[in-house]
Amino acid sequence: MAVTQSDWIENFEGLNQLPSELKEELVAGSRIVEMKAGTVVFSPGQSADNLLLLLRGTVRVQQKSETGREVFLYRVHAGDSCVLSTACMLAFEDYAADGIAETDIRAVAIPRATFDDLVGRSKLFRQFVFRAYSRRLTDLFTLIDDIVFQRMDVRLAARLLELAEDDVVRATHQLLANELGTAREVISRTLAEFQRRGWVELARGEVRIVGRAGLQRLARSAGTS
């Protein structure tokens, strides 16, 4: 599928400031890819050959522990780049985690040759790459802080509010456990307590929020105890 500037480049702050000739080179040297929900975008041991800029949909990045438990790292949303792809491209290393398309996605793939050329020649392109990299690293440090220091009920309340669409979270207890790096039994006990408080209603494969104010109070309590 042909790539044009109007398709994507103006939607990324930083890239839209590139000189016109570099924009043309970037567009000419890139391609648009589309993948269905559930597609493995990248996996451990795979070489990082493209920097992906997401135009539509979400990609979930996760890692498996030695015991086989899946640990959620972060999501890539439309308008974002993937920090793991960036790190692997810069360091010439293979991926060490999985990237899964949570929805149908559309993305720009910038091949290594184009990426390396523009990183070497363009200060504005370097700033775009490292600014996005820095933002995502901050998110990862926040994740580590949450895992180490925040109570599970506080983290679960915040994640339910984040994932809810029309006050419904379509996720199993196991998926929520993967999101938060804990055991399914811990999530089930915490959700049962939320239900007892009248904050949620539980059904197969989904959690319905019926007491948003209570969840919000609990989520806001992070860092106040």
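**A look inside**

Tutor: The mean pLDDT of the chain is 88, and 92% of its residues reach 70 or more. Here pLDDT is the predictor's confidence in each residue, from 0 to 100. Over residues 1–6 the pLDDT is below 50. Beyond near neighbours in sequence, that stretch has 14 contacts in the model, a contact being heavy atoms within 4.5 Å.

This is a predicted model, in which local features need pLDDT of at least 70, side-chain atom pairs count only at pLDDT 80 or more, and totals for chains, interfaces and linings use all residues. Residues are numbered from 1 along each chain as its sequence is written, and side-chain values use heavy atoms, with hydrogens and water left out.

Now the interior. In soluble globular proteins, nonpolar side chains tend to be buried together. Buried means under 20% relative accessible area, exposed over 50%, and partly exposed in between (1.4 Å probe, protein chains only). A nonpolar core is a set of buried Ala, Val, Leu, Ile, Met, Phe, Trp, Tyr and Cys residues joined through side-chain atoms within 4.5 Å.

The largest nonpolar core has 41 residues. Trp8, Leu15, Leu26, Leu53, Leu84 and Phe125 have the most contacts inside it. Apart from that core lies another, of 22 residues, including Met152 and Leu191.

Take Leu26. Leaving out residues up to four places away in sequence, Leu26 touches Trp8, Ile9, Leu15, Leu18, Ile110, Thr114, Leu118 and Phe125. Thr114 lies in helix α4 (residues 112–121). Helices (H or I, at least four residues) and strands (E, at least two) are DSSP runs, numbered from the N terminus. Thr114 is buried, at a relative accessible area of 14%.

Next, the rings. A pair of aromatic rings is described by the distance of the centres and the angle of the planes. Rings of Phe, Tyr and Trp (its six-membered ring) pair if their centres lie within 6.5 Å; planes under 30 degrees apart count as stacked, over 60 as edge-to-face and the rest as tilted. The structure holds six aromatic pairs. Phe42 and Tyr95 have ring centres 4.1 Å apart and planes at 5°, so they are stacked. Phe42 sits in strand β2 (residues 40–42) and Tyr95 in the loop between α3 (83–91) and β6 (98–101), so this pair ties together parts 53 residues apart in sequence. Both Phe42 and Tyr95 are buried. For Phe194 and Trp199, the centres are 5.4 Å apart and the planes at 50°, so that pair is tilted. Phe194 and Trp199 are both buried as well. One aromatic cluster is formed by Trp8, Phe12, Phe115, Phe125 and Phe128.

What about the cysteines? A disulfide is a pair of cysteine sulfur atoms within 2.5 Å. By this rule there are zero disulfides. The sulfur of Cys82 is 8.1 Å from the closest cysteine sulfur, in Cys88, so it is too far for a bond. Cys82 is buried, with a relative accessible area of 4%. Cys88 also counts as buried, at 4% relative accessibility.

Last, helix α6 (residues 152–163). Its buried residues include Met152, Val154, Leu156 and Leu160. Asp166 is in the loop between α6 and β8 (168–169). Asp166 is exposed, with a relative accessible area of 76%.
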